[in-house]
Amino acid sequence: MKKQILTASAMIVACLTYGAGFQTLEQGASNFGTANAGATVNANADASAAFWNPSAGFNAGLKVGETKVDASFSLVVSAFDFVQSGTGIQSGDAGCESVVPNFYVLHRLSEDFMLSLSVSPTYGLETDYEYGWVGSTHALNSEITTIDINPSIAYKVNDWLTIGAGVSAQWIHGNLSQAAAQIPNLPAYGPLAGMFVGETRVSGDAWGVGGNIGFTINYAEDGRIGFQWRSAVTQSLEGNLHVNSKIVNPVELELTLPHTFTVGWYQRLRGDLRKFAVMADYSYTLWSSFDELDIKNGNTGQTQSYTHEEWRDVSRVAFGIHFFPFEHENTVLRLGSAWDQTPVPNSRHRYARIPCTDRIWFSGGIGQKFGNVNVDFGYTFIYFYKDPKMQGEATHGSGALTGHFEGEAHVVSVQIGYKF
C-alpha cells in the first residue's frame, strides 16, 4: 500500500540553506566570518578545530594542562518562494527560522597529545509550508535533526606535523508531513477523492557511528596546510506512518550520509602586509552515496516507496581574509566568500522538500579577545544565483508540481570562548 507521505523526498531528504544537500556548516561563528575558509587549519586558534580537524588544535596556543571551550549559536532566516509554471503565482514559502548550536572543547594533555570533543549538528533541515499551498500534497513541514558527538585525539609527530583521529556517535531524527488528498485502502479518511482530508506524517530516528582522521603541516611559523576526512555514516531509521495522528504502520529506511574530504590553507602575510592573513578551503562531499530512496513497511519488509535520486558528488570552495587593525592583535576583522555546489543533478530530481541549487556565500565578521575570553560574530548572506527549477511529475496521487523557487538566506552567528 503506497502511503501519501512516502514521496520522493520523504523521511530525510531536504535542502538546508546552510550547505548544499542537507549538510550543516555553521561550525563556529569565528569561521563563519570567512565563509569557513581556514577552518580546516584552525585559522582562528579556537576550539572549533575539534570538529574541523583535531590535529589543528595544536595551533590554538594552549600550554600543557590548559583547556579551551567554545560555544556558538547561529540563527538562520531563509525564504524559498515557489512560483508555479504557467501562472507566475507565488504559492508556498518553505523558509523558516532555525537556531543551530555547537559546542567544542580542546585540552592539551601533554606536550605531544591533545584531546578534543565536538557536539554539533552535522546534517539537518527545517522547511515549513502553509497548509493549502499548491504543493500541499507534496510537502508541508520537514524537520530533520542530527546530533554528532565526536571525541578525538591528536598527536604531535614533530615540530611541523600533527595528526588526529576521532569517532562519532550520531543520532538522527526525522519528522515530515504533507496534506492528504485521499488515503488508499483507508476509506474512512478519504470520502472525496482529490479533496484535502487530513494530514499524513512520518517520523523516525536512529543512531549511527562514523569516524574522522586528519593532519596539519606547519610549513612555516606563519603558514600551514591541513586535511580532514569525515567518514560516511549509515543510519537505519525506524519509525511510524501517521494518518491524522493515528499510527498506521511502522516504516524503516536505510540511509548513508556521505564521506567528506576537506583541505585548507592559511598564511599570515609579512612585511608591510603583516596585518593581513589569507586562507582558503576546498571540500569534496560524496553525495553520490544517496542514489536511491527505498522506504519499506516495517512489518512486511516490502518496499512502499522507491525513488532513484541520482545525487552527485559536489565541491565547495571558500576564500577568506583576516585583518588585524591594532598592534595588540586582540581584534580581528574577517571577510570571505564561497561557492557551494548542489548535489541535485537536474530539475527532474528536485522536489518540494528540496529547494536546492548552487549558491554563493558572502561573509563577514569580527573577533575580540578579552584576556582568556574571546567573543566572535559572523554574518553570511547566501545568494541562490540559479533559481532552482522543478520539472514535476505525479507522485503517489499528489499530481504534478512544476515551477521554480526564488530564495535567499541570512545567517547570524555568535560565539563565546574561554581558556583556563
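Close-up 1. The model is a predicted one, in which local features need pLDDT of at least 70 and side-chain atom pairs count only at pLDDT 80 or more, while totals for chains, interfaces and linings use all residues. Residues are numbered from 1 along each chain as its sequence is written, and side-chain values use heavy atoms, with hydrogens and water left out. The largest pocket holds about 740 Å³ of space. Its lining has 34 residues, and Ala43, Asn44, Ala45, Asn59 and Lys369 are the closest to the centre. Two or more lining residues come from each of β8 (198-220), β12 (260-268), β17 (331-340), β18 (359-370) and β19 (373-383). Such helices (H or I, at least four residues) and strands (E, at least two) are DSSP runs, numbered from the N terminus. To find pockets, a 1 Å grid is laid over the protein atoms alone: a pocket is an open set of points with protein on both sides within 12 Å along at least five of seven lines, a cavity is a set where a 1.4 Å probe fits but cannot get out, and lining residues have an atom within 4 Å of a point. Grid points are joined across faces, edges and corners, and a volume is the space filled by probe spheres set on the points.

**Close-up 2. The second largest pocket has a volume of about 320 Å³.**

Close-up 3. For the largest cavity, 25 residues make the lining, with Gln23, Phe51, Arg230, Thr260 and Thr262 closest to the centre. Which element gives the most to this lining? That is β13, with 4 residues. The lining of the largest cavity divides into 7 nonpolar, 14 polar and 4 charged residues.

**Close-up 4. Strand β21 (residues 403-419) pairs with β1 and with β19.** Two strands pair if DSSP finds at least two bridges between them. Strand β1 (residues 67-84) runs antiparallel to β21, joined by 17 bridges. Look for Phe73, whose bridge partner in β21 is Val414. β19 and β21 are also antiparallel, with 11 bridges, and here Phe381 stands opposite His410.

**Close-up 5. Strand β17 pairs with β16 and with β18.** Strand β16 (residues 314-323) is joined to β17 by 8 bridges, and the two run antiparallel. Ile321 stands opposite Leu335 in β17. The antiparallel pairing of β17 and β18 spans 10 bridges, and Arg334 has Gly365 in β18 as its bridge partner.

Definitions and conventions: Ala, Val, Leu, Ile, Met, Phe, Trp, Tyr, Cys and Pro count as nonpolar, Asp, Glu, Lys and Arg as charged, and the others, Gly among them, as polar.
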